[in-house]
Amino acid sequence: MEKKDIEVDIKVPNQTRYLSLIGRIGEDIAKELDKYTGDRETLAYHINLVLTEAMVNAIKYANSKDPEKLVHIVINISDDALVIKVFDKGQGFDINTIPSPDFNRLEDRGRGIFLIKSLMDSVCYKKIRNGNVLEMSKKLN
Amino acid sequence: MSMDLKTEMKNDIKIIYVKEERLDAHNSGELKSEMQRLFEGGTKNILVDLKDVRFIDSSGLGALVSGFKNAISHQGNLKLSSLQPQVKSMFELTRLHRVFEIFASASEAQDNF
């Protein structure tokens, strides 16, 4: 059988002005998944959002807003799953200790990881050589 | 960084039209500062119209929450109008649709201050 995995490997400067570029790439990829039977417009928005949130996380917390650093993103698409990895070279954090937002309190911050966890099927953040990786995957069938 | 915001005064309501496709971590700080500046300057009623906004992230939501808290602390009002469906679903996911008064259009919102 013909193998049709796609891998997109992107490195962009550690600056928020590139969020829309990365989000747009995510949306375009989602719209190309011809075997996906769900609502593709919604999937496109969700991929745009998780890429945006993960990149902001890397820019602000891992790469310490250093504009000289790079954010490295790898998107892998196979027939049954979409996997996004966002690499950083920061100190890292324990994703399991980040609380869900308290919906009865009005906080300006603290919804990013919650949104990622809500929209993806599995999310993990782990240490690798030279840094950390946030890995998010979504089943496509 | 400069965000495209059009403002208009209608009766005693300051309407801010966000003329951007995205309200995200790159530009939402500007909207947050503008709302803060207005409330601190004595504006009581602000309507933020999101008709052109196709995408909002957690920072965009956070900027609006910040504006809402500013409104409360200055005895003012902050309401929202013209949310696109995907944007509205983000308010629902984060339960913020229970916090904000959201109207279908800017004109409908103006009648409800």
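A residue is buried if 20 or more other C-beta atoms lie within 10 Å of its own C-beta atom, exposed if 12 or fewer do, and partly exposed in between. This cut-off is applied here to a predicted model. A:Tyr61 has 15 C-beta neighbours inside 10 Å, so A:Tyr61 counts as partly exposed. The residue sits in helix α2 of chain A. Neighbours within four places in sequence aside, A:Tyr61 is in contact with A:Gly90 and A:Phe93. A:Arg111 is 50 residues away from A:Tyr61 along the chain, and their C-alpha atoms are separated by 15 Å.

With neighbours within four places in sequence left aside, the contacts of A:Glu27 are A:Ala44, A:Ile47 and A:Asn48. A:Thr42 is 15 residues from A:Glu27 in sequence, and the C-alpha to C-alpha distance between the two is 9.5 Å.

The overall build of chain A comes next. Chain A contains three helices and five strands. Read from the N terminus, the order of its elements is β-α-α-β-β-α-β-β. The C-alpha atoms of chain A fill a box of roughly 45 × 40 × 25 Å along the principal axes. Buried residues account for 34% of the 141 residues of chain A. Among contacts in chain A with a separation of 6 or more, 65% join residues 24 or more positions apart.

Chain B has four helices and seven strands. Its elements run β-β-β-α-β-β-α-β-α-β-α from the N terminus on. Along the principal axes, the C-alpha atoms of chain B fill a box of roughly 30 × 30 × 25 Å. A compact globule of 113 residues would have a radius of gyration near 13 Å, and the 13 Å of chain B agrees with this. Of the 113 residues in chain B, 45% are buried. Residues 24 or more positions apart make up 75% of the contacts in chain B with a separation of 6 or more.

Nonpolar cores were then examined. In soluble globular proteins, nonpolar side chains tend to be buried together. The largest nonpolar core here has 33 residues. The residues with the most contacts inside this core are A:Val50, A:Ala54, A:Met55, A:Ile84, A:Val86 and A:Ile116. At least two core residues come from each of α1, α2, β2 (70–77), β3 (81–88), α3 and β5 of chain A. α2(A) gives the most, with 13 residues. A:Ala54 shows how parts of chain A meet. Leaving aside neighbours within four places in sequence, A:Ala54 is in contact with A:Val86, A:Ile116, A:Leu134 and A:Met136. Another core, of 29 residues, lies apart from the largest one. Its members include B:Leu38, B:Val53, B:Ile56 and B:Leu61.

Helix α3(A) has a buried side. A:Gly112, A:Ile113, A:Leu115, A:Ile116 and A:Leu119 are its buried residues. They cover an arc of only 160 degrees around the axis, so they lie on the same side of α3(A). The cover over these buried residues draws on both chains. From chain A it includes α2, β4 (122–128) and β5 (131–139). From chain B it includes α2 (58–73) and α3 (85–93).

The contact between the chains takes 20 residues from chain A and 19 residues from chain B. On the side of chain A that touches chain B, the elements giving two or more residues are α1 (19–32), α2 (40–62) and α3 (112–119) of chain A. The largest share of that side, six residues, comes from α2(A). By class, the side of chain A that touches chain B has eight nonpolar, seven polar and five charged residues.

Technical notes
Residues numbered from 1 in each chain as written. Chains lettered and ligands numbered in written order. Predicted model: local features only at pLDDT ≥ 70, side-chain atom pairs only at ≥ 80, totals over all residues. Contact = placed C-beta atoms within 7 Å. Nonpolar A, V, L, I, M, F, W, Y, C, P; charged D, E, K, R; others polar. Rg over C-alpha atoms; globule rule 2.2 N^0.38 Å. Arc of directions from axis to C-beta. Core = buried A, V, L, I, M, F, W, Y, C linked by C-beta atoms within 7 Å.
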